[in-house]
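The following account leads the reader through a protein model, beginning at a loop and moving on to helices, salt bridges and the surface. Please keep the sequence and the coordinates at hand while reading.

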Amino acid sequence: MSDSGTTASAEDGSAQGAPDAGRPSVEFTHRQILTILTGLMMGMFLAALDQTIMATATKTIADDLDGFNLQAWATTAFLITSTISTPLYGKLSDIYGRRPFFLFAIAVFIVGSILCGLSQSMYELAAFRAIQGIGAGGLMSLALAIIGDIVPPRERAKYQGYFLAVFGTASVVGPILGGFFAGADTILGVDGWRWVFYLNVPIGAAAMIVVARVLHLPHIRTPHRIDWPGALFLVVGLVPLLTVAEQGRAWGWDSGRSFLCYAIGAIGLVAFVFAERAYKDEAMLPLRLFNNRTVAVGAASSTILGIAMFGGLMTVPLYLQIVKGASPTVAGLEMIPFVAGIMVGSITAGQLIARTGRYRIFPIIGSVLMATSLLLFALIDADTPLWRTMLVMVLMGLGLGGNMQPMITAVQNAVSPREIGVATSTVTFFRSMGGTLGTAVFLSVLFNVLPGKIDNELAAARETPAFQQAASDPTQMQLLQQAKSEGMSDTSFISQLSDVVAHPFKAGFSDSFQVVYLMALAIMLIGLVVVLFLPEIPLSQRSAQQQRADDAAAAAACNGVPGEVGAGPGAEIKSSY
């Protein structure tokens with residue numbers, strides 16, 4: 001131990017020597033990186049597949065557990081715990097190392113999956129989904145942080161593109177598997193839908209084995225305090241706000257329960273800020289990080305991107321199912337152009353960043369493509385050919401692929417190697433928060449404008465002889481009366497209407513989607529302005545592991561006296577612009 005109190009240890013338990021020939025190598029070959037990447041992607045595949053597979057299975061699960069009106073809580077519980085745990089994983093892994101927390105995240109996710117498969121009520125499912133969420137919160141952010149540890153920033157984006165390929169695969173495979181399991185009464189004597197959760201067990205076990213065998217990163221441990229007050233106040237601040245974001249439409253945004261959530265959330269967030277100020281550099285989310293312009297721009301743009309992305313994307317599957325009449329499984333397959341766009345955009349951006357060393361242009365181009373795609377989506381109506389819609393999906397995918405990973409690379413490059421975990425989780429955290437806010441707001445807007453849009457389309461259609469003749473059929477009249485009495489809580493009746501009678505409903509939905517896309521476009525334009533403030537910092541040619549090893553050598557040489565950025569455990573982050 002040096003005079004500064006810093007000790008070096010390896011996550012696999014091997015001893016660390018002086019930073020010379022006796023020090024374990026912190027350089028990784030391309031083959032070693034791909035081997036480690038395999039374990040990381042398997043862990044991330046768990047979280048990605050769980051989200052997409054649940055999209056098509058939730059209705060069946062809720063019906064079987066007699067809790068259709070409670071199904072939103074299963075989603076809300078998962079969302080709350082995964083969002084809140086993300087910054088915790090980032091900070092704790094910076095202190096203790098990535099490997100044990102990544103293994104912990106996988107293990108918790110597996111346990112939560114088993115419990116979800118054993119659920120006997122929607123209340124149990126919601127509680128067990130919360131456990132799953134605790135594990136899911138670490139899978140994405142830690143995987144990105146580990147790549148930051150072993151790959152230099154200039155090469156990082158092209159490896160991170162593989163992660164989006166994982167999400168693309170899950171986006172295609174998930175709805176198919178969800179439809180298969182939900183449609184099966186029993187498989188091997190077990191309810192078909194329970195295999196949605198049991199499927200995670202072998203995948204998770206394989207991921208744990210691979211990670212445990214191949215992920216051995218040297219780790220430098222420093223004296224620390226754990227910011228438990230910050231963690232507690234973050235929970236107090238976010239739980240009620242995320243709850244009202246998910247439930248506000250059902251409760252009423254101006255209801256007593258909603259205002260209570262607003263008040264408690266505001267108090268919790270104010271207390272969180274004071275706690276972070278008190279803990280300074282040892283805070284769970286150090287406020288000093290936001291003095292770095294790259295981090296500030298990354299957090300702000302990720303929030304806006306999350307709002308626009310989820311606000312826009314959650315309507316595309318609805319459009320395909322309601323307006324175009326696709327089943328959930330077919331709608332998932334029809335989203336392949338979007339997934340292909342993400343993969344091409346991410347891989348292309350990664351390769352160009354590796355060759356040129358420049359990253360700033362890609363979030364700007366990505367934001368322009370996102371804004372353009374949202375504008376084009378706003379021009380799509382009920383009669384637009386499907387191939388045109390798919391072309392716009394490709395454009396949006398290219399925009400997202402060129403935006404997300406380069407922004408993470410920029411943030412990781414701009415901070416101390418000791419804080420890559422908390423910086424990465426910060427970007428992920430704000431994107432998740434933006435997605436939650438966007439989904440809540442845009443769904444609320446959608447269902448508020450929908451009745452008026454449908455009434456307008458019906459009023460116009462009733463003037464046409466074709467509609468009058470088709471609607472005079474007793475079966476059609478009964479379905480129309482049912483729709484009038486039940487509202488839009490169940491849209492399955494639209495598929496039973498004749499094409500002429502169904503068209504005003506489809507047009508009403510399409511008109512409502514246009515309102516959502518225009519709102520998302522306005523927000524994305526703000527995001528484009530924010531991204532323009534992103535500085536261009538030369539990308540480091542060293543990985544975070546190499547920088548930390550050099551830090552240890554510098555700290556030993558200067559007897560613990562802080563030096564320049566990255567020169568020792570006590571060094572402050574310099575302004576990077």
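Leu188 sits in the loop between strand E2 (186–187) and strand E3 (190–191); helices (H or I, at least four residues) and strands (E, at least two) are DSSP runs, numbered from the N terminus. Although Leu188 is not a glycine, its phi is positive, at about 55°. Leu188 counts as exposed because its relative accessibility is 76%, where exposed means over 50% relative accessible area, buried under 20%, and partly exposed in between (1.4 Å probe, protein chains only).

The model is a predicted one, in which local features need pLDDT of at least 70 and side-chain atom pairs count only at pLDDT 80 or more, while totals for chains, interfaces and linings use all residues. Residues are numbered from 1 along each chain as its sequence is written, and side-chain values use heavy atoms, with hydrogens and water left out.

For the chain as a whole, the secondary structure amounts to 21 helices and 4 strands. Of its 577 residues, 54% count as buried. The accessible surface, from the Shrake-Rupley method with a 1.4 Å probe and, for residues, with only the protein chains shown counting as cover, is about 23500 Å², and carbon and sulfur atoms account for 64% of that area. Contact here means heavy atoms within 4.5 Å. Among contacts between residues at least 6 apart in sequence, 81% join residues at least 24 apart.

Helix H3 (residues 98–117) has 20 residues and reaches 29 Å from its first C-alpha to its last, close to the expected 28 Å; the expected span is 1.5 Å times one less than the number of residues. H3 is mostly covered, with 14 of its 20 residues buried. Helix H4, which comprises residues 122–150, is also mostly covered, 24 of its 29 residues being buried. The end C-alpha atoms of H4 are 42 Å apart, which agrees with the 42 Å that its 29 residues should span at 1.5 Å a residue.

Beyond its neighbours within four places in sequence, Arg129 is in contact with Asp50, Gln51, Met54, Ala74, Phe78, Thr81, Cys116 and Phe197. Gly148, also in H4, counts as buried because its relative accessibility is 0%.

How many salt bridges does a search of the whole structure find? There are 3, a salt bridge being a side-chain nitrogen of Lys or Arg within 4 Å of a carboxyl oxygen of Asp or Glu. In one of them, Asp149 pairs with Arg98, and the closest N and O atoms are 2.8 Å apart. Asp149 lies in helix H4 and Arg98 in helix H3, so this pair ties together parts that are 51 residues apart in sequence. Asp149 is buried, at 1% relative accessibility, and Arg98 is buried as well, at 2%.

The side chains of Arg194 and Asp191 form another salt bridge, at 3.2 Å from N to O. Arg194 is buried, with a relative accessible area of 9%, whereas Asp191 is partly exposed, at 27%. Arg358 and Glu536 also meet in a salt bridge, at 3.9 Å from N to O. Arg358 lies in the loop between helix H13 (336–356) and helix H14 (361–377), and Glu536 in the loop between helix H20 (499–531) and helix H21 (544–557), so the pair ties together parts that are 178 residues apart in sequence. Glu536 is partly exposed, with 28% relative accessibility.

On the surface, Leu232, Val236, Leu260 and Ile264 form a nonpolar patch with about 330 Å² of accessible area together. Helix H8 (228–251) and helix H9 (256–279) are the elements that give two or more residues to this nonpolar patch. Patches are made of residues with over 30% relative accessible area and no salt bridge, like charges being joined within 9 Å and nonpolar side chains (Val, Leu, Ile, Met, Phe, Trp, Tyr) within 5 Å. Leu232, which lies in H8, counts as exposed because its relative accessibility is 51%.
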